Structure formats: C-alpha cells, structure tokens
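This report looks at helix packing, strand pairing and a few individual residues. The structure is shown first, and the description follows.

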Amino acid sequence: MSTNFRFQDGEVSAALIQDVKALKNLNGDQLEELVRICLQFLCSSDTETFVEKSTSYAEKHEMNVGALKGSLRGLLNFFKGAARKCLSQALIQEDMLRFGFDEDSAQLVASCWQAHFLSLSRGIADQTLVVNKLVDMDWRFGVTSSSSELKQVGRTFLQLRLQLDKGNGAIETTNMELSLPQFYEFLQEMEKARAAMEFLT
C-alpha cells in the first residue's frame with residue numbers, strides 16, 4: 001500500500017503514523033467520540049474543555065492517559081494538515097485507509113471531518129490571523145501613590161512591555177497596563193495554555 005499521504009507533503013514521521021495507528025483498536029463509538037473531541041478543539045481552541053473531555057474519555061474507557069496523549073497529538077496533527085490542504089471527505093478517508101484503518105472506520109472519521117469542516121476552516125483562519133510570536137517580555141508592579149483623583153491612590157497595577165515577532169523579522173513593541181483583577185484574569189488564561197501544552201507533551 002502506498003505511504004504517500006494527502007494531509008502532508010513529504011514523508012510522514014513514523015511516530016505520527018504509530019500514534020494514529022494506535023486508534024485502530026477502538027470500536028466505532030470510541031473512535032467517533034475521540035475524533036469529535038479533537039475536531040471540536042480545533043474549531044474552538046478551548047483548551048480547558050479539551051483537557052477535561054480527553055481526561056474524561058480516558059477514564060470512561062479505562063485507557064492509559066499517556067498513550068491517549070500520543071494518539072491525540074497524532075489526530076490533531078493529521079487534522080491540522082488536512083485543514084491546511086482543504087482535503088475533501090474522500091481524501092480524508094483515503095489517508096485513514098493508508099494508516100491501516102478498515103473501510104468502516106475510515107468512513108466514520110471522514111464523515112466526522114465533513115461535519116466539522118466549515119467551522120474548522122473558520123477556526124483555523126481566526127487563529128492564523130491573531131498569532132504573533134512573543135520574543136521578549138518585561139514587567140513591573142506598581143502602586144499609585146499620588147493622583148488628582150482620590151480613588152486612584154493605592155491602586156495596584158502591572159505594566160507589561162511585550163516584543164512580538166510580526167513575521168519577516170519585524171519586531172513590534174506593545175505596552176499595556178493591567179489592574180490587579182485584569183492581571184489575575186491574564187494569569188489564569190496563561191495557566192490554561194500551559195496546562196494544555198503540558199497535557200499534550
């Protein structure tokens with residue numbers, strides 16, 4: 001059988017192939033549930049929900065979370081590549097057959113793909129438009145000790161200076177000031193992002 005996959009140009013890593021092939025042992029309902037978890041995550045980028053659903057899935061089906069993480073990574077990479085290439089349902093099915101899935105399982109994955117394709121395309125486009133690489137960050141805390149407004153005295157704040165790589169070597173410096181509640185909200189979002197990254201590594 002040919003190993004030329006449609007979702008990615010060039011050679012596909014053996015690790016990715018093994019991660020996806022590990023899903024062949026799942027029954028139809030388990031496979032569909034896992035594929036939907038991955039596609040819904042790619043549509044929304046809601047890392048907290050993704051981690052919760054993945055952990056719940058592993059517990060429900062009495063699976064090793066470590067092994068599941070590899071399969072999730074494999075599926076996410078597969079679907080991201082397929083979205084970049086705008087693969088049709090038939091091409092998704094063809095790639096799943098190349099991974100060694102039987103006809104029914106390949107058709108199931110392809111059907112889930114087709115059902116999520118429009119929202120997936122929108123989600124990836126939205127992510128592409130807002131991604132900037134953080135190059136450097138400086139911060140400092142402060143307390144307002146004097147102001148013409150009495151309410152401002154004693155107010156705690158955080159000043160951030162972010163250097164962002166805008167692409168093509170262009171660096172943009174962005175300054176912002178956050179109140180203490182805003183800082184805690186920002187910190188909570190960073191913790192969610194870190195938890196999602198740790199979950200997948």
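## Strand pairing and helix packing

In this predicted model, strand β2 pairs with strand β3 (residues 170-179) in the antiparallel sense, and the pairing extends over ten bridges. Within that pairing, G167 stands opposite A170 in β3. The hairpin that β2 and β3 form has two residues between the strands, and N168 takes a positive phi near 55° in this hairpin.

Strand β2 (residues 156-167) is also joined to strand β1 (residues 133-143), again by ten bridges, and β1 and β2 run antiparallel.

| Strands | Sense | Bridges | Named pair |
|---|---|---|---|
| β2 and β3 | antiparallel | ten | G167 and A170 |

Turning to the helices, α2 (residues 28-44) and α4 (residues 65-84) pack at an angle of about 55°, and their axes lie 10 Å apart. Because of that angle, α2 is oblique to α4. The crossing of α2 and α4 is right-handed. On the α2 side the contact is made by L34, V35, C38, L39, F41 and L42, which meet L68, L72, L75, L76, F79 and K80 in α4. By class, the residues of this contact comprise eleven nonpolar and one charged, with no polar residue among them.

Is S54, which has a relative accessibility of 0%, buried or exposed? S54 counts as buried, because its relative accessibility of 0% is under the 20% cut-off. S54 belongs to helix α3 (residues 47-60), and, when neighbours within four places in sequence are left aside, S54 is in contact with I37, L68, L72 and F199. Of these partners, L68 and L72 also take part in the contact of α4 with α2.

D19, by comparison, lies in helix α1 (residues 14-21) and is partly exposed, with a relative accessible area of 22%. Not counting residues up to four places away in sequence, D19 touches G70, S71 and G74. For G74, the separation along the chain from D19 is 55 residues, whereas the C-alpha atoms of D19 and G74 are separated by 5.2 Å.

Technical notes. Residues are numbered from 1 along each chain as its sequence is written. This is a predicted model: local features need pLDDT of at least 70, side-chain atom pairs count only at pLDDT 80 or more; totals for chains, interfaces and linings use all residues. Side-chain values use heavy atoms; hydrogens and water are left out. Axes are lines fitted to C-alpha atoms, for helices over the stretch in contact, and angles run from 0 to 180 degrees between N-to-C directions. Helices (H or I, at least four residues) and strands (E, at least two) are DSSP runs, numbered from the N terminus. Angles under 35 degrees count as roughly parallel, over 145 as roughly antiparallel, 65 to 115 as roughly perpendicular and the rest as oblique. A crossing is left-handed if the near helix is turned anticlockwise from the far one by less than a right angle, and right-handed if clockwise. Contact means heavy atoms within 4.5 Å. Ala, Val, Leu, Ile, Met, Phe, Trp, Tyr, Cys and Pro count as nonpolar, Asp, Glu, Lys and Arg as charged, and the others, Gly among them, as polar. Two strands pair if DSSP finds at least two bridges between them. Buried means under 20% relative accessible area, exposed over 50%, partly exposed in between (1.4 Å probe, protein chains only).
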